[in-house]
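Me: Could you walk me through this one slowly? I'd like to go through how the parts pack against each other.

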Amino acid sequence: MSTIVMPEPDQSILDRSSEIIAALKEILPHDAVIFEKSETLAYECDALVAYRCSPLAVVLPRNTQEVSAIMKTCLRLGVPVVPRGSGTSLAGGALPTKDSIILGTNRLTKVLEIDTDNRFIKVQTGVTNLSVTGAVEGDGFFYAPDPSSQLACAIAGNIAMNSGGAHCLKYGVTTNNLMGVTMVLADGEIVEIGGAHLDALGYDLLGLICGSEGQLGIVTEAYLRILAKPEGARPVLIGYDDPRTAGTCVADIIKAGILPVAIEYMDRLTIVATDKFSGAGYPDVEALLIVEVEGSDEEIDYQLNKIIKIANKLNPAELRQSNSEEESALIWKGRKSAFGAVGQIADYICLDGTVPVSQLAYVLGEIGDLSKKYDLQVANVFHAGDGNMHPLILYNANDPVELEKAEHLGADILRTCVEVGGCLTGEHGVGIEKRELMTSQYSNEDMEMQMSVKDCFDPNWLLNPAKVYPLELSESRRQNLKMGAK
Amino acid sequence: MDKIFSPKDEAELAQIITKAKSDNISLRIKGGGTRQGLGNFIKTDAILSLKNISGISLYEPDALTLVAKAGTSIKEINKLLKKEGQRLGFDPMDHRAIYHSSGEPTIGAIIAANISGSRRIIAGGARDALIGVRFINGSGEIIKNGGRVMKNVTGLDLVKLMAGSFGTLGVLSEVSLKLLPIAQRELSLIINGQSLEKAISTMSKALGSPFEITGAAFLPNEKDEAKTCLRIEGFSSQVDYRLKKLSELLVKGEKIEILEGKLHEKLWQSIRDVKTFKNSKKPLWRLSIKPSDAPAISNQLSKITAADMIFDWAGGLIWAQLQDEDNAQADAVRHIIKQFGGHATLVRGSDELREVVDVFQPEQEMVAKLSSSIRQKFDPSGILNPNLMGNFGEK
C-alpha cells in the first residue's frame with residue numbers, strides 16, 4: 001500500500017453526477033464537457049503516475065468567460081475543481097478525486113499580443129512553455145523559464161508551480177518573469193492584476209498566485225516578460241572523482257563573480273544510464289558538471305577560461321571544451337535525456353528538494369547513506385548552481401511494497417534537505433506528494449497563515465482542496481464546501 | 001512625544017505586538033526613519049522601532065545568499081558585500097535626497113516598501129531578490145516563509161506578499177536575499193539631444209539587444225541638454241565590446257559622451273535617488289507604466305501643470321514633480337494613468353495633501369476586496385501601520 005491517501009469522495013456529489021454534468025453542458029459548448037469514462041481516462045493522473053482517479057467530468061473552456069461560468073456553476077453545486085495545465089506535474093498537483101471536475105487549460109491556446117518594444121507577450125495560459133519562446137524568437141527574444149517538460153507543459157501549470165528550469169540561476173523562475181494575469185476566482189469573479197508595467201499595484205498578489213498550485217484561482221491569461229536572446233552560449237564539461245570536489249568547484253565559480261546561465265550536476269549512476277541511452281560519450285567519473293555561459297564568442301571564451309582555471313585547480317578527472325555547435329549539443333545531449341535514460345533502468349520517483357549550495361556535498365553523502373539503508377538506488381541529476389536537487393529514486397512500480405519503501409526514502413531525503421536549511425520542493429510543487437511532509441518545514445501557525453490566504457480567495461475551498469496542506473490540517477476548511485453546497 | 005517601543009529581539013517584538021493587540025494600541029513601524037513621508041499620512045498610538053533588531057545572521061558568498069535582521073542598515077550590508085565583490089541586485093533607491101531626511105535606511109524597510117533602483121529592469125526588484133522572511137503578524141505570532149534557497153515552491157509564497165506590504169501584514173524581523181556579483185567594470189553611454197520619443201525608442205532597442213543593459217534612463221533637462229543614459233556592465237573586455245556594438249546599433253550621428261569612474265557612479269546614483277528633484281518640497285509622483293506610453297503620458301501630465309519629469313526603466317518609470325499642492329492635480333494624474341494602465345504613487349507630498357489624496361492608486365474593486373481580506377487575516381485588529389496603504393476601509 002502506498003502512503004499517500006486522498007479524502008473519501010463526497011457521496012452526495014456522486015449522487016448528483018448527472019445533474020452536475022447537465023448543468024455544465026448548459027453553460028458550455030457541447031464539446032467542452034467530457035464525462036464518458038473512456039474519454040476522461042487521459043485526465044486520471046498527471047506525471048505522478050502511481051496515483052490515478054477518474055474525475056466526475058472534465059471541462060475544457062476556450063476563454064475567461066467560460067471559466068467564470070464554470071466556477072459559478074461549481075460553486076453553486078458544491079463541486080470541487082481541480083485545475084490542470086498539460087498534466088506534467090510530478091507532484092500530483094492535477095490529480096482529481098472522484099467527486100471533482102477537472103478544468104483543463106488545453107484549449108486556451110491563443111497568443112493575444114506580442115510587444116517586443118515593451119518586452120512582453122500576452123497569452124492564454126494553455127499555450128505551452130516552448131511555444132511562447134517560439135512566438136518571439138523570430139524577433140530575437142525568448143521566454144526564460146525552461147522546465148525540462150517545456151515542450152508539453154502549459155504556462156498555466158508553470159504559474160501554478162512557479163516553474164524554473166536549467167537557466168534560472170541567471171534568469172530567475174516564473175515569478176520573476178510574470179508581469180500580469182487575468183484570473184477567475186472561485187466564485188467566478190474575474191480579476192486583473194498587473195500588466196505591461198513593472199511592479200503590480202498594492203499587495204503582491206502576483207507573487208502569491210505564482211506557485212499557489214491552482215488553489216487561489218484559474219489564471220486564464222498572462223503577461224510574460226520576454227528577454228533578448230544572447231548572441232551565443234557554450235558549455236564546458238568537467239568531471240571529478242569526488243562529489244565534494246565538484247561541489248567546491250561550483251562554489252568557487254560563483255564566488256569568482258561569474259554567473260553562468262546553468263550549472264548542471266550528474267552522478268555516476270546517471271552518467272552510466274545516460275551514456276547507454278544517448279551515446280553522449282560521457283567520461284567515467286563520480287561527478288560531472290556542465291557549466292554553460294552566454295555572450296559573444298569572445299565573451300564566452302573569457303568566461304570559460306576563468307571557469308577552466310578554477311576547475312583545473314581542483315584536478316579534474318576530465319575537462320571537455322566545445323569547439324563547435326555539434327560538440328556543445330553532445331555535451332548537453334546526455335543531460336537532456338537523463339530522466340528518460342534513468343527511466344529505462346527502472347521506474348523512479350523524482351524529488352526536487354532544494355538545499356543551500358554550500359550543503360550540496362553533505363546532502364549527496366546523506367542521500368548515498370539513505371540509499372544503502374533502504375537498499376534502493378538513487379540517481380542524482382540536478383541544477384547545482386541554485387541547489388535544486390533532483391534525486392531519482394529507482395523502484396519497481398509493480399511492487400506496492402517497493403513503492404512504499406521508495407516513498408519513505410524520499411521523505412527522509414526531503415527531511416534532510418529541510419534540516420540543512422533547504423526546502424521540500426524547488427520547482428515541482430507540493431501537490432499530494434509532499435503534502436504530509438509540510439510539517440517538517442512549517443509550523444502549524446505558518447501553515448495556518450498560508451491557508452488563511454486561500455480562505456480570502458476561495459472561502460469554500462473549492463479549488464484543488466486536497467493538495468499542499470496535510471489533510472488533517474485542512475479538514476475543517478474542506479468541510480466548508482459540503483456545508484455551503486445547496 | 002509618541003511612545004516608542006524598541007524591542008531587542010524577535011521574541012520581545014512578538015510580545016510587544018501581542019500586548020498592543022490586547023490593549024488596542026496602533027503601531028507605526030519604523031526602520032531607519034528615512035522614508036517616513038512614504039505612504040498615506042497616519043497617526044498611531046505608538047512607534048515600533050526595529051533599530052535594535054539588527055545584524056547579519058548569515059552570509060554565504062559562494063551561494064549568493066544573505067540573511068539579515070530587519071533593522072540592519074543598508075550601509076552595513078553594502079560594506080560587507082563589497083568585500084566579496086557582491087551586491088544587492090535591485091540596488092534600492094535612497095530616499096534621503098527627496099525627503100531631506102537623515103538616518104540610515106534599513107533592509108527591513110526597503111523590503112517592506114519593495115524599493116528598487118534602476119537595475120529593476122534587468123535584475124528584478126526587491127521582491128525578486130527576497131527568498132525568505134520571518135515576521136510577526138498582527139496577532140503576535142512568529143511566522144516564517146520561504147527560506148534561504150533561490151528556488152522554493154513549498155506552500156504559498158508569503159515572501160513576495162510581504163514585500164511591498166508596508167508593514168500592514170506583519171512586522172519583518174529577518175529577511176533572506178539572493179545577491180549578485182558586482183560587475184568588473186561599468187560605464188555610461190550617453191546620447192545627447194534626443195527627444196523623448198526618440199529616447200524611448202533608443203532605450204527599447206538597447207534593451208532588445210543581447211548586451212544586458214543594466215540601466216536606461218532619459219533626463220530631458222540635464223544641463224540644458226536632454227540625455228539618454230545607458231549603463232553597460234561586464235568583464236572589462238566585454239564592456240568595450242558591448243559599447244562598440246551598442247554605439248553601432250543606436251547612435252546615428254548624435255553627440256555622445258562616455259562616462260566611467262566617479263562621474264558614471266554619480267550619474268546613476270542621482271538617477272536612482274531622483275536627485276533632480278531633491279531641493280524641493282513640491283509633490284513628486286512615481287508612475288509605473290508601459291514604456292512606450294511614456295511620451296503620451298508625459299504630454300498629458302504637462303497639460304495639468306508645468307510638470308518636471310525624468311524617465312527611468314527605459315521609460316517604464318516616470319518621476320514627475322508637479323507645481324502645486326493641489327488634490328485636483330492628483331485626480332488628474334490618476335485620470336491620465338487610467339487611460340493607459342499602470343499606476344501612480346504620490347511619493348512626496350505634504351501631510352495635508354497626503355491626508356486628502358490616496359498616496360497609492362486605488363485598486364480594482366475585486367482586487368481591493370481581496371487585499372482587504374488578506375489584511376484582515378494577518379492583522380485582525382488593524383494595529384500595524386493602519387491606513388498607511390489605504391484601500392482597507394480604515395481611512
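Me: At what angle do H11(A) and helix H9 of chain B pack?
Reply: In this predicted model, H11(A) and helix H9 (residues 236-250) of chain B pack at an angle of about 170°, and their axes are 10 Å apart. Angles over 145 degrees count as roughly antiparallel, and therefore H11(A) and H9(B) are described as roughly antiparallel to each other.

Me: Which residues make that contact?
Reply: H11(A) contributes Glu298(A), Glu299(A) and Tyr302(A), while H9(B) contributes Ser237(B), Gln238(B) and Tyr241(B). By type, the residues of this contact of H11(A) with H9(B) are two nonpolar, two polar and two charged.

Me: OK, zooming out, how many residues does each chain put into the contact?
Reply: Chain A gives 77 residues to the contact and chain B gives 67 residues. On the side of chain A that touches chain B, several elements each supply at least two residues, including strand E9 (190-194), helix H9 (243-255) and helix H11 (297-313).

Me: And which element has the largest share on the chain A side?
Reply: That is H17(A), with ten residues. The chain A side that touches chain B divides into 32 nonpolar, 29 polar and 16 charged residues.

Me: Switching to chain B, how do H8 and H11 pack there?
Reply: Helix H8 (residues 196-207) and helix H11 (residues 294-304) of chain B pack at an angle of about 150°, with axes 9 Å apart, and they are therefore roughly antiparallel to each other. Their contact involves Leu196(B), Glu197(B) and Ile200(B) from H8(B), together with Ala294(B), Pro295(B) and Ser298(B) from H11(B).

Me: What kinds of residues are those?
Reply: The residues of the contact of H8(B) with H11(B) are four nonpolar, one polar and one charged.

Technical notes:
Residues are numbered from 1 along each chain as its sequence is written. Chains are lettered from A and ligands numbered from 1 in the order in which they are written. This is a predicted model: local features need pLDDT of at least 70, side-chain atom pairs count only at pLDDT 80 or more; totals for chains, interfaces and linings use all residues. Axes are lines fitted to C-alpha atoms, for helices over the stretch in contact, and angles run from 0 to 180 degrees between N-to-C directions. Helices (H or I, at least four residues) and strands (E, at least two) are DSSP runs, numbered from the N terminus. Angles under 35 degrees count as roughly parallel, over 145 as roughly antiparallel, 65 to 115 as roughly perpendicular and the rest as oblique. Two residues are in contact if their C-beta atoms, placed from the backbone, lie within 7 Å. Ala, Val, Leu, Ile, Met, Phe, Trp, Tyr, Cys and Pro count as nonpolar, Asp, Glu, Lys and Arg as charged, and the others, Gly among them, as polar.
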